[in-house]
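These are my notebook entries from a reading of one structure. I set down what I looked up, in the order in which I looked.

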Amino acid sequence: MNAWPLLGVAVVVAGFALRRNPVLVVVIAGVVSGVASRMNVGDLLALLGTSFISNRVLLLFVLTLPVIGLVERHGLRERAQAWILGFRGLSLARLLVAYLALRQLFSMFGLIDIAGHAQTVRPLIAPMSESAAERTATLDVTARMRVRALAAATDNIGRFFGEDVFLAFGAVLLIQRFFENQGIHLEPFAIALWALPTAIAAFVIHALRIVWVQRDLNRAPAEADAAKDARDAAR
Amino acid sequence: MLHVEAIYWIVGAFLLVAAFMDARIGRWSAAAFWAVIAVPFFFGDAILDAMKEGTRWPAQAVGIGLVALGVLAARGKLRMHEDSREAQAERRGEAARLGNKLFVPALAIPLATVALVLSAPYFRWNATPLIDASQATLISLGIACLVALAIGLRVVRAPLSQGLVEGRRLLDALGWAALLPMVLATLGSVFAATGVGDAIAAIVGAVIPADSRLACLAAFALGMVVFTVIMGNAFAAFPVMMAGVGLPLLVLRHHANPAVLGSIGMLTGYCGTLLTPMAANFNIVPAVLLELPDQYGVIRAQWPTALILLAVNCMLLWMLVFR
């Protein structure tokens, strides 16, 4: 076994860990593993070129950009935000579980950047979560921060475990290409479908955790009050 | 018969339009970036055919182009697009005017894709299928995007040029990130061709009993998580783990179902993304945006979900992948 091509893996790990530009890191890693396996320059360039060409399907998603850009220009995000604002008046758990479901569903339809930390969490979901939580519990600073962090976590989880069900999404096509290059033909459809069990599990698990956090928040100050009462009584 | 190449030409044309628009406002690196990427979309098949017949220089030129793309990507700066007060007010007005109709064009992409995929076998002209069955999903997706664009232009009553301008705006906002999946897949091919996968498989085989399906599966799943945590990106972990463990040990040796392994394997990597500060834009940036005193606050809020889901994924893999 020739272990030298593993240098390419080391380049990827080090480059991503050092936060260099990922495209440059990946290109260098390819060159390094080629050189380390004693390919000559001509063969290596031809390998890079043919591999790049045979993976061009991964850029097919840019065809969605004109449509998405167009409706964004005409207020798609504003419309989505207005829609979310309609959820005002829910409890913390109901608000975040509804957001989780919406975020997953939209991601499944490829509307991944319609929401996000800058677009929806900071301006809408975080403040709405805080006011929803305050309806049933008194929040100290720590609890307030915990609610905000939970809102951000909910956005991440909704996004991650919805997007892989969308068949034009990069991950699905990346998986398809990998196997195609090895002579195994898969339909993107089949790959996207197998992301569904995990998507459902992610929803159930995180929804239960949201409910649990709300219970915890409702209980915590009450317990603190009870402890204070007990101390006062003992005094 | 409609082949996927026709769709590639449309992608190439869009990239050239974007390059032209960038060049017109003097953003030369961005213009060069998109123009270089357009080449494989116009000439890809010709280059691959030439390669088969022994003419190697076109493929080598694309290889040089790829190295140039790496350099251009590293030079490019993230550009925040200017958002004026007037534009915001206009968007709010449009949102009120159009209402939920705005969702229609966006939802049309997946719906039309699925409809086309399912009906593709019935589109025939004298027994010749009109859509190449082996690429039905991708061709359908391409057509669906055009259909959705047509619907969108009709819904908002705008000319085609506005769609192109807005498409270029999004493309430039994505920048090199748009290219990342494609170069990572390229790396996967290069790793496989240069023996990286074999080397990892040999090491893993020396460490764990390669005859055991369970041991191989555990090594794959945990490897996805660990590599993702280190690199902050499940896409980057995928070619490494797949070439090293997934393909040689699980698919070829133990006959794992590749679609299940790929899909759930990638999502197992995502569990790692929830755990790592290396995935800064998901885990660190929101902590800053929300003014949390603890920069790991978001990770603290999501690690229990990530670990439980990781366990569920491992079970799903075990139950589904060897069926």
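This is a predicted model: local features need pLDDT of at least 70, side-chain atom pairs count only at pLDDT 80 or more; totals for chains, interfaces and linings use all residues.

**Entry 1**

**Entry 1. Chain A as a whole**

I first looked up the secondary structure of chain A and found 11 helices and 0 strands. Along the sequence the pattern reads α-α-α-α-α-α-α-α-α-α-α.

I then turned to the dimensions. The C-alpha trace of chain A spans about 85 × 45 × 30 Å along its principal axes. I looked up the radius of gyration of chain A and found 24 Å, whereas a compact globule of 235 residues would have a value near 18 Å.

Of the 235 residues in chain A, 57% are buried. I also looked up the sequence separation of the contacts: among those in chain A between residues at least 6 apart, 73% join residues at least 24 apart.

**Entry 2. Chain B as a whole**

For chain B I recorded 15 helices and 2 strands. Its C-alpha atoms fill a box of roughly 60 × 60 × 40 Å, taken along the principal axes.

Chain B has 323 residues, and buried residues make up 51% of them. Among contacts in chain B with a separation of 6 or more, 70% are between residues 24 or more positions apart.

**Entry 3. Where the chains meet**

How many residues of chain B are in contact with chain A? I found 124 residues of chain B in contact with 107 residues of chain A. Helix α8 of chain B, residues 180-193, gives the most to the side of chain B that touches chain A, namely 14 residues. By class, that side of chain B holds 90 nonpolar, 26 polar and 8 charged residues.

I next examined pairs of helices. Two packed helices are described by the angle between their axes and the distance between the axes.

Helix α1 (residues 4-24) of chain B packs against helix α2 (residues 28-52) of chain B at an angle of about 160°, and their axes are 8 Å apart. Angles over 145 degrees count as roughly antiparallel, and α1(B) and α2(B) are therefore roughly antiparallel to each other. I recorded the crossing of α1(B) and α2(B) as left-handed.

I looked up the residues that make this contact. From α1(B) they include Tyr8(B), Trp9(B), Leu15(B) and Leu16(B). From α2(B) they include Trp28(B), Trp34(B), Phe41(B) and Phe42(B). The contact of α1(B) with α2(B) has 17 nonpolar, 2 polar and 3 charged residues; Glu5(B), Asp22(B) and Asp45(B) are among its members.

**Entry 4. Helices α9 and α11 of chain B**

At what angle do the axes of α9 and α11 of chain B cross? The axes of helix α9 (residues 196-207) and helix α11 (residues 234-253) of chain B cross at roughly 70° and come within 7 Å. Angles of 65 to 115 degrees count as roughly perpendicular, which makes α9(B) roughly perpendicular to α11(B).

On the side of α9(B), I listed Val196(B), Gly197(B), Asp198(B), Ile200(B), Ala201(B) and Val204(B) as making the contact. On the side of α11(B), the contact is made by Ala243(B), Gly244(B), Val245(B), Leu247(B), Pro248(B) and Leu249(B). The residues of this contact divide into 9 nonpolar, 2 polar and 1 charged.

His255(B), which is not a glycine, has a positive phi of about 60°. His255(B) lies in the loop between α11 and α12 (258-273) of chain B. With 11 other C-beta atoms within 10 Å, His255(B) is exposed.

Glu291(B) also has a positive phi, near 55°. I placed Glu291(B) in the loop between α14 (285-289) and α15 (297-320) of chain B. Glu291(B) counts as exposed, with 10 C-beta neighbours inside 10 Å.

**Entry 5. Ala112 of chain B**

Is Ala112(B) buried, exposed or partly exposed? Ala112(B) belongs to helix α5 (residues 103-119) of chain B. It has 19 C-beta neighbours inside 10 Å and so counts as partly exposed, since a buried residue needs 20 or more.

Apart from neighbours within four places in sequence, Ala112(B) is in contact with Ala144(B), Val147(B) and Ala148(B).

Note on methods:
Residues are numbered from 1 along each chain as its sequence is written. Chains are lettered from A and ligands numbered from 1 in the order in which they are written. Two residues are in contact if their C-beta atoms, placed from the backbone, lie within 7 Å. Helices (H or I, at least four residues) and strands (E, at least two) are DSSP runs, numbered from the N terminus. Ala, Val, Leu, Ile, Met, Phe, Trp, Tyr, Cys and Pro count as nonpolar, Asp, Glu, Lys and Arg as charged, and the others, Gly among them, as polar. The radius of gyration is taken over C-alpha atoms; the globule rule is 2.2 Å times the number of residues to the power 0.38. A residue is buried if 20 or more other C-beta atoms lie within 10 Å of its own, exposed if 12 or fewer, and partly exposed in between; C-beta atoms are placed from the backbone. Axes are lines fitted to C-alpha atoms, for helices over the stretch in contact, and angles run from 0 to 180 degrees between N-to-C directions. Angles under 35 degrees count as roughly parallel, over 145 as roughly antiparallel, 65 to 115 as roughly perpendicular and the rest as oblique. A crossing is left-handed if the near helix is turned anticlockwise from the far one by less than a right angle, and right-handed if clockwise.
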